[in-house]
Amino acid sequence: MASANTIELAQTGKRDTLIELEKKYQERWAQDKIFEVNAPTLQETEGLSQAEIRERFPKWFGNFPYPYMNGSLHLGHAFTISKIEFAAGYHRLQGKRVLFPHGFHCTGMPIKAASDKIERELEMFGADFEKFKPEEEPAAPTPSTSNAPPKAVDKARKGKVAAKATGLQYQFQIMESMGIPREEIKNFADPYYWLKYFPPICKEDNNAFGSRIDWRRSFITTDANPYYDTFIRWQMNKLHRMGKIKFGERYTIYSPKDGQPCMDHDRSEGEAVGPLEYTGIKMEVVSWSEAAAKHVEGKVGGRKVYLVAATLRPETMYGQTNCFVGTAIKYGVFAVNDKEAFVCTYRAARNMAFQGVTAERGKIEQLLEIDGADIVGTKINAPYALNPEVYVLPMENVLPTKGTGVVTSVPSDSPDDFQTLTDLRKKPEFYGIKAEWAAIDPVPVITTPTYGDMTAPAVVKQLKIQSQKDTKQLAEAKEIAYKEGFYNGQMLVGEFKGEPVQEAKPKVRAQMIEAGLAFAYAEPESLVISRSSDECVVALMDQWYLDYGEPVWRAQAEKLVAKMETYNNETRNGFEGVLAWLNQWACARTYGLGSKLPWDPQFLVESLSDSTIYMAYYTVAHFLHSSIDGSEPGLLNITPDQMTDEIWEYLFGDGPWPESSTILREKVDQMKHEFNYFYPFDVRSSGKDLIPNHLTFCVYVHSALFPEEKWPLSMRTNGHLMVNGQKMSKSKGNSMTMRQCIEKFGTDATRLCLADAGDGIEDANFDELTANANILRLYTLLAWCEEMMQEKSKLRQGPRNYHDKVFEEEVFDLINITQRCYEDTHYKDALKYGFYELQTSRDWYREVTQDVGMHAELVEWWIRVAVLLITPIAPHFAEHIWTTALQESRSVHLAHWPASREVDRSVVDAAAYMRGTIKTMRDAELALLKKMNKGRQGQAAYDPKKPRAVRIFVATAFPAWQDQCVQIVKEAYAPEAGKVDDAKVKQLLIDQGLIKDKRAMPFIQLFKKRIGQFGAETVFRRTLPFSEVTVLQVILPYLKKTLNLVDAEVMLASDTLASDRADFNKMIVESAEPGNPAFEYYNV
């Protein structure tokens, strides 16, 4: 059923025919085990070095991040898979042993959290949820500025899931919406049932997609697969021994509800968000405002009360002139211990409770709630301030979701503070304050070369900011002021006067904390919601962590990225950016599914830490087990207990052979041979959102555990996939699973559309209209190929003519271009040249040879080329033509890329010239007819509706003024920079008296554009590699026929102008240029 954002197919006969063929060939490929691939045998490679093995037996190993097994694959998965799929198909055609494996990720919290929900819902609603009544669903919560504890966030309404919003409240409803029968849902209360249910569906979907996957090498993660469990044990033990895994107190994103760290893959919102560390400034209340005193009196138990502000700039505390609160925000007074209480938001207090700030971890004791407006006018003590006692004032831009809701004010260095103070001073009555509360002038604290002693006032003036409501300009001002102060500032006051701000900042912070005037405080950089629907905090806790960011290890990782191909600068910049900030990463948790941490089994290895080098496991998985859960032994009949750390080290780490091993060494050597042959992997393809975590972790751990020759050769990333120009979303009705799309359009039509969607890091678009058009395109081409092969005997035989030669050269050219596109992983362009342009070339050939017919040999050759060029993208279509129309005995997957050679550019250029000239002539007539139909033709030179002929004028030389302009551009062109010096062009035009010639600058601008399009060498050459007259004479018969002309003649412009004939338009003849003939229609 189509929605407003999707299309509905009116007729499906052609699609159904294609789908029937696709299923037929998928079954055949599975029966023939055509995608199973092995390394050459030890006997075949005996005596050869690794380099010699690779040369004699070339290989290609591509992979993508194994999907999580809590649902079916969606179209976004298919998009990422397609990048490996197309590459796998191409490299098979290159005669390589192509390995494309596929695993199933089950580690982490989401499955366990969902199964726990099912278990609770079974208790609530019965074994088949029969007690559920739809009206029991609660209404969606509304946003609030309340100080109350945060409520659980409905998973269906938050974060990543918002893009796929179901509107369903309960987990069993979500399962039903996935097509799972209600009576089966109770089984999902067992988390391990998910591991049995979804992997087979994933495999079926991939097979329906035509994926070239070696399924023997598949596996599930977690201790449910005892073989994979031993692999993770070895990996973690080795990293621990190397000092890459450490234990200590550190800040981490934490879910109080789950009682454990919340890593990226455990989140429904907030991926890549980390802790942001502030300095909590304690500002003791000297005297409450009248309104606040009424609330506070008798409720704080004799405790000292502090307003607590979170600042990133403790070095500026000398310049405090006041303190700000938000008048619309609810604050709490929270007991920290028996002696102190803090004023802040509940959200901030919740973070503090897990950072050792409060007496009891996790306990939040709220003594009272108070409105921000009531706190205004309170006098406080500002630590380190040159004006020690200041007042609390109102600020419009205080956010309850950032910091503590309390803001220190340093107007000399903060544009927000300065502008707010300015506004308050202008209209104290309007803001409900006394003028004396805002009486302190900004105090110079830091001096900078650009802005002097008062950075904030200077930047506010520079950006012409008028009010605190100018939030956009204030954000820009803040960035300018903070960068200038940090990088170029020097302290003017305090113990560290004269020191650079960068050096003074940590010293001031440490001094304030030591004096008890401040404390370390952290919170998430932005909202993080766990998959259990909990708003996460930052907790300070002892934990095991991978020491990412450690200088030596980081240098290794940077070296790996520098050597690795990333296909575009955006991806490389992404890696370099993440390596610059990525720090320690918690690698263990207590809740969820996974492998136990070997030396501390109360913990499980978290999902982003057990998935860093599993690509190596693919190379040996089929030797170890023949079922994905390891319940059935593999080819070598090895048991899990035999896979000790020492065996894994021998296998993957070139360690010594453990003499105590119970495995025959020959078996492990066979696995080692397979690993050494296929590793390193050639490419890993992924969505760009995994650069900040999984892909960079993969880089780090590979650099630690493997020698350089085993480091990944390349990683490519793609953007997200939109559908019909909109983000995929169930709420928009344009969300599709991989299987739904295949059923709607067929496999190859879907794959063609995915190739056409885009290859860059920006978001791509799956256009259903394109997918639908692909059905007809494939069906029509398939029928034409079959017809041509059946009618081959009726096609022209014997010697070849000029058009045959042109066609052959064009096809060779397209073979070469398409190959470069596949090599560069530019599949949209591969489709353009290897499918669409190839058919355009055939169409032209068919048209221009109508009188004599196409050559039989060339038609069959074209069909072979067309099939092979599209095989990576549309393998089912290709297989059918290959084995049916061309009657090849072996699968197209065993074929080779078509032979090619360097093309004769003069012939290819001549073909483009022919087509371009005819199109220009046809367009000119169509434009005239259009004007005539509207009665706007004016004084037309001829009537296109009457019999007519054409004269084509060919120029052999360019006008002198153009040659002058070209020479000027040539003199101003800098080859090393690839640019034209415009200033030099202008001066040369002046020197040569061309500056006032109105033709000169437009011509030069166009010429510069052509340099960018075709390259300087080609454009400066300005000579044609073919004879225009000869080419036009050859095409004249077709020209007369296609344009329905009585006559056509080719004439040299120079000869025509030199004659005394009066039957031509001189202006038209003079407009002819080499490569751009002029033409004149006339009635006869």
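Author: Met914 has its place in helix α31 (residues 905-933); helices here are DSSP runs of H or I with at least four residues, strands are E runs of at least two, and both are numbered from the N terminus. The model is predicted, so local features need pLDDT of at least 70 and side-chain atom pairs 80 or more, while totals for chains, interfaces and linings use all residues. Residues are numbered from 1 along each chain as its sequence is written, and side-chain values use heavy atoms, without hydrogens and water.

Reader: Is Met914 buried or exposed?

Author: Buried means under 20% relative accessible area, exposed over 50%, and partly exposed lies in between, with a 1.4 Å probe and protein chains only. Met914 has a relative accessible area of 1%. Therefore Met914 counts as buried.

Reader: Which residues is Met914 in contact with, leaving aside its neighbours within four places in sequence?

Author: Contact means heavy atoms within 4.5 Å. With neighbours within four places left aside, the contacts of Met914 are Tyr802, His803, Val806, Trp844, Val1031 and Ile1035.

Reader: How far apart in space are Met914 and Leu1039?

Author: In sequence, 125 residues separate Met914 from Leu1039. In space, C-alpha to C-alpha, the two are apart by 9.6 Å.

Reader: Now to a strand. Which strand pairs with β8 in the antiparallel sense?

Author: Two strands pair if DSSP finds at least two bridges between them. β8 covers residues 322-325, and its residues are buried: Asn322 and Phe324 point one way, Cys323 and Val325 the other. Asn322 has Ser409 as its bridge partner. The antiparallel pairing runs over 4 bridges, and the partner strand, residues 406-409, is β14.

Reader: Which strand runs parallel to β8?

Author: The bridge partner of Val325 in that strand is Pro394. The parallel pairing has 3 bridges, and the strand, residues 389-394, is β13.

Reader: How far apart are the centres of domain 1 and domain 3?

Author: The bounds come from an automatic or database domain assignment. That assignment gives domain 1 (275-524), domain 2 (767-903) and domain 3 (937-1083). Between the C-alpha centres of domain 1 and domain 3 the distance is 71 Å.

Reader: What share of the chain counts as buried?

Author: The chain holds 38 helices and 32 strands. Its C-alpha trace spans about 110 × 85 × 65 Å along the principal axes. Of its 1084 residues, the buried share is 55%.
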